[in-house]
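Subject: Structure handover

Hello,

I am passing a structure on to you. Please look through it first, then read the notes below it.

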Amino acid sequence: MLQLGDKPVHDESRSRMVPIHIVTNASQLPIEFLEPSPQSQIAIGFDCEGVDLCRYGSLCIMQLAFPDAIYLVDVFEGGEVLIKACKPALESNYITKVIHDCKRDSEALYFQFGVKLNNVVDTQIAYSLIEGQEGRKKSPDDYISFVGLLADPRYCGMSYLEKEEVRVLLRQDPKFWTYRPLSELMVRAAADDVRFLLYIYHQMMEKLSERSLWYLAVRGALYCRCFCVNSNDYADWPPLPPFPDKLKSDGDVIEEEILSVLDVPQGKMGRIIGKKGATILSIKESCSAEILIGGSKGPPDKVFVMGPVKQVRKAEAMLRGRLMDIY
């Protein structure tokens with residue numbers, strides 16, 4: 001039996017009966033979303049669609065999955081006024097946003113609308129933490145895709161063939177998400193990207209240890225801000241989640257997690273990455289830290305390192321050594 005949020009569903013066809021609302025005005029959204037409060041803390045599935053989704057692209061749709069309905073927030077039609085109404089919820093500690101790989105979504109929200117996405121549960125991070133808990137090793141570049149996560153029988157066990165169909169359409173026409181009115185395919189594809197996130201979230205929460213839950217919260221916060229480079233070291237973002245008192249009382253020793261951003265001389269990123277990624281992969285394999293680059297979407301000429309302080313410093317030293325070799 002599958003489950004969507006807290007509502008059990010017995011098959012995929014039943015789950016597709018959850019109503020889908022296209023939102024162009026904030027009044028169409030639930031009040032518990034628009035007015036976050038500690039008395040009504042909720043979790044929602046969350047995703048964004050757009051044209052070249054990043055700081056330079058165009059955010060077109062935000063998907064919000066509640067247990068009893070899916071809301072497609074039409075940013076293309078509702079504009080900044082609609083996003084402004086959603087901003088308190090997106091930045092709130094009282095609303096958990098369940099998302100798969102939040103980095104680009106957060107970057108688009110921050111640079112296009114000044115939204116600091118906060119309190120996320122990133123299912124990509126959660127998957128890796130559970131794999132680690134259960135003793136399964138992964139390579140430094142082995143991140144589960146959303147299609148792969150849906151297919152995993154431990155979480156959903158469902159195929160998502162339509163995702164590839166939409167990817168083909170996006171390659172043919174990058175403006176796919178700008179056309180209005182939304183086609184039946186667009187509505188279905190947008191909804192399917194969040195439809196089972198709450199179910200997966202509940203499955204994952206049952207598996208994660210107290211220690212992993214803290215890592216999940218911290219790394220989700222770091223993922224949200226990693227591509228949102230500014231000049232004040234993220235001082236205007238919410239503080240990272242503190243180390244839980246329960247783990248302190250149990251005598252658990254855990255190291256602070258940080259994000260470091262290294263500048264690379266213009267045109268030299270290829271030397272950092274190495275042939276077929278060999279150089280940066282070898283650094284990743286030597287450190288228990290995540291190392292990301294902006295890639296084709298940017299930000300250019302920067303390397304982002306996240307993880308325990310000592311491991312981040314080790315990765316920094318190796319990267320700086322590689323930079324020294326360039327000259």
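The notes below cover the sheet, a helix and the cysteines.

This is a predicted model, in which local features need pLDDT of at least 70 and side-chain atom pairs count only at pLDDT 80 or more, while totals for chains, interfaces and linings use all residues. Residues are numbered from 1 along each chain as its sequence is written, and side-chain values use heavy atoms, with hydrogens and water left out.

Six strands form an open sheet with mixed pairing, in the order E3-E6-E5-E4-E7-E8. Strands (E, at least two residues) and helices (H or I, at least four) are DSSP runs numbered from the N terminus, and two strands pair if DSSP finds at least two bridges between them. Strands E3 (20–23) and E8 (120–122) are at the edges with a single partner strand each, so one side of each has no neighbour in the sheet. From one strand to the next, the twist averages 25°.

E4 (residues 42–51) pairs with E5 (residues 58–66) in the antiparallel sense, over seven bridges. Asp47 has Gln63 in E5 as its bridge partner.

Helix H4 (residues 103–113) lies across E4, E5 and strand E7 (95–99), at about 120° to E5. Axes here are lines fitted to C-alpha atoms, for helices over the stretch in contact (heavy atoms within 4.5 Å), and angles run from 0 to 180 degrees between N-to-C directions.

There are zero disulfides (pairs of cysteine sulfur atoms within 2.5 Å). The closest cysteine sulfur to that of Cys54 is in Cys228, 11 Å away, which is too far for a bond. Cys86 is in no disulfide either, its nearest cysteine sulfur being that of Cys48 at 10 Å.

Regards
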